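Please look at the structure below and follow the chain through its strands and helices.

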Amino acid sequence: MAKKALFQEAVFQDEAKAREALEAARWPNGPVCPHCKNSDQEKIGRVEGKSHRPGLFYCHECEGQFTVTVGTVFERSKIPLTKWWMAAHMISAGKAGMSAHEIHRTLKVTYKTAWFMMHRLREAMKEIAPEPMGGGGKIVQADETYYGNTSKRAKHYRKGHSRKSSVVALVEPKGKVRAFHVKRATSDSVRDILVRNAHRTSELHTDESPLYRNVGREFSAHKTVRHGWNQRGVYVGPEGETTNAVENFFGIFKRGMRGTYVFCGEQHLGRYLAEFAFRYNNRSGLGVNDRERTANVLASIGGKRLTYRPSH
Ligand SMILES: [Zn+2]
């Protein structure tokens, strides 16, 4: 398998190389001090010598020391960086995600560590304060779906939407997606997501759901399409309007969740959505190759809120 050949690369084998590559991914313009945000390379030096941790930097601005993992979701983890590169590669390749069991077996770490690594990497995959989507002359598709423990094996299996979580997603056709977990999709929650994430100069494309009726008036245009129109289940309106990009994303998400993850507590749904959105937004169709995709996960380990106690 290609996977084997790829793990021959230095970042998966050599801890010093893994560290250098992580530094290059996180700091394309040179190290940034996590304590005082100083990025003046004249005022940052490497601390060399056998008595120091590898990859240690000294900031002349605040007199603090740091490595590439300080202030990141990897902070204080004792997991080798080569294993983080492997896990980042595994979680970002393919459409359906990667189970913690698979990581546990392949990386030869405990299941608990594998689970911890996956959640940290999902945290890295979250976009922080992204630019608004769409804009003048551009289209934003919006749609909502329901996700829940529909597996009959799940402990609290119930039929119907009431027990499920709502997911709202915005997609630029042939572009990127943003997906949100909401308690319930209502006119208000949908409006809140739309006005905070899309330029009002965009053209909004949705299905005929009444949820979008009012907020639609706040956009330069609002076109509605019907689901399931032609034999491919895609309706293309008289002016080419569809919502198939957003439906396509929901399809990938649901198939992946069913096949790979099965159980996902509601408290984690936002992280899984971030993972699926990351892969969608770093897909090869947008010109991102495997190597870049893996580096893009690791480039974003900083500046995240730590939601787990570092205990590994
Ligand atoms: Zn500093």
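Strands β5 and β6 form a hairpin with five residues between them, and K174 in the turn has a positive phi of about 60°. Helices (H or I, at least four residues) and strands (E, at least two) are DSSP runs, numbered from the N terminus, and two strands pair if DSSP finds at least two bridges between them. This is a predicted model, in which local features need pLDDT of at least 70 and side-chain atom pairs count only at pLDDT 80 or more, while totals for chains, interfaces and linings use all residues. Residues are numbered from 1 along each chain as its sequence is written.

Why is strand β5 largely enclosed by the rest of the structure? Seven of the seven residues of β5 (residues 165–171) are buried, so the strand is largely enclosed by the rest of the structure; a residue is buried if 20 or more other C-beta atoms, placed from the backbone, lie within 10 Å of its own. In a regular strand the side chains alternate between the two faces of the sheet. Both faces of β5 are covered, with S165, V167, A169 and V171 buried on one side and S166, V168 and L170 buried on the other.

From β4 the pairing continues in another direction: strand β4 (residues 139–147) and strand β7 (residues 203–206) pair in the parallel sense over three bridges, with H205 in β7 as the bridge partner of Q141. β7 and strand β8 (residues 221–224) pair in the parallel sense over four bridges, and the bridge partner of T206 in β8 is T224.

Elsewhere, three strands form an open antiparallel sheet in the order β1-β2-β3, and its edge strands, β1 (44–46) and β3 (65–66), each pair on one side only. β1 and strand β2 (residues 57–59) pair over three bridges, and R46 stands opposite F57 in β2.

Turning to the helices, A100, H101, I103, H104 and L107 in α5 meet Y111, A114, W115, M117 and M118 in α6, where contact requires C-beta atoms, placed from the backbone, to lie within 7 Å.

For the protein chain as a whole, there are eleven helices and eight strands, and buried residues make up 35% of the 312 residues.

Note on methods:
Two residues are in contact if their C-beta atoms, placed from the backbone, lie within 7 Å. A residue is buried if 20 or more other C-beta atoms lie within 10 Å of its own, exposed if 12 or fewer, and partly exposed in between; C-beta atoms are placed from the backbone.
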